[in-house]
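Read each task, have a go yourself, and then follow the solution step by step.

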Amino acid sequence: MEIRQEFPPNIRDIMNKFDLYGFNPVFTYGDILYNPSGGEISPDLMAHEETHARQQSVYGVGDWWTRYLKDDTFRMTQELEAYREQYKHAVENYPRAVRRHLLDTVASNLSSKLYGKIVKKKQAKELIEHYE
Ligand SMILES: [Zn+2]
């Protein structure tokens with residue numbers, strides 16, 4: 001994926017939906033990873049974002065983003081798949097302690113208001129861990 005240190009083309013739509021204050025998010029739009037803060041892209045995060053690129057190639061990038069922003073359940077299914085791929089990368093490449101920490105962090109993310117608080121953290125952990 002090409003990485004650009006700028007906001008994605010649909011940043012207005014994203015900011016109308018989400019309060020990004022205090023976050024340094026990255027955004028996949030097509031096969032470009034937008035990284036406005038210029039923060040480090042870890043290999044596990046890259047696995048997550050590559051999943052979104054693949055999802056968008058199936059739906060069409062514009063349609064994917066429209067649905068992602070308006071449909072909490074759709075957003076959850078897409079994120080769950082991406083977090084599973086991210087965690088899978090960690091299982092295959094990182095030591096156990098790092099992997100456990102990552103699972104804790106991504107479960108917090110998935111259960112946060114950013115994704116509509118659809119699942120509790122414990123449930124998010126179980127969903128991510130059982131990626132098979
Ligand atoms: Zn994601």
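**Exercise 1. Find which residues of α4 and α5 meet, and work out how the two helices run relative to each other.**

Step 1: List the contacts, where contact means heavy atoms within 4.5 Å.

Step 2: Ala, Val, Leu, Ile, Met, Phe, Trp, Tyr, Cys and Pro count as nonpolar, Asp, Glu, Lys and Arg as charged, and the others, Gly among them, as polar. The contact of α4 with α5 then splits into ten nonpolar, two polar and three charged residues.

Step 3: Look at the geometry. Axes are lines fitted to C-alpha atoms, for helices over the stretch in contact, and angles run from 0 to 180 degrees between N-to-C directions. Helix α5 covers residues 96–110, and its axis lies 10 Å from that of α4, at an angle of about 170°. Angles under 35 degrees count as roughly parallel, over 145 as roughly antiparallel, 65 to 115 as roughly perpendicular and the rest as oblique. So α4 is roughly antiparallel to α5.

A note before you go on: this is a predicted model, in which local features need pLDDT of at least 70 and side-chain atom pairs count only at pLDDT 80 or more, while totals for chains, interfaces and linings use all residues. Residues are numbered from 1 along each chain as its sequence is written, and side-chain values use heavy atoms, with hydrogens and water left out.

**Exercise 2. Describe the zinc site: which atoms coordinate the ion, and where are they in the chain?**

Step 1: Pick out the donors, which are N, O and S atoms within 2.8 Å of the metal (3.2 Å for Na, K and Ca); water is not among the atoms, so sites may look incomplete. The zinc ion is held by NE2 of His48, NE2 of His52 and two OE entries from Glu79, at 2.0 to 2.5 Å.

Step 2: Read off the spacing along the chain, which is H-x3-H-x26-E. His48 in helix α2 (residues 43–59) and Glu79 in helix α4 (residues 72–93) are 31 residues apart, and the pair links distant parts of the chain. Helices here (H or I, at least four residues) and strands (E, at least two) are DSSP runs, numbered from the N terminus.

Step 3: Judge the arrangement. Four donors count as tetrahedral if all angles lie between 85 and 135 degrees; four count as square planar and six as octahedral if opposite donors are over 155 degrees apart and all others between 65 and 115; anything else is irregular. The angles at the zinc ion span 56 to 151°, so its arrangement is irregular.

**Exercise 3. Are these residues buried or partly exposed: His48, Glu79, Thr77, Lys88 and Tyr59?**

Step 1: Recall the limits: buried is under 20% relative accessible area, exposed over 50%, partly exposed in between (1.4 Å probe, protein chains only).

Step 2: Apply them.
- His48, at 4%, is buried.
- Glu79, at 2%, is buried.
- Thr77, at 41%, is partly exposed.
- Lys88, at 29%, is partly exposed.
- Tyr59, at 36%, is partly exposed.
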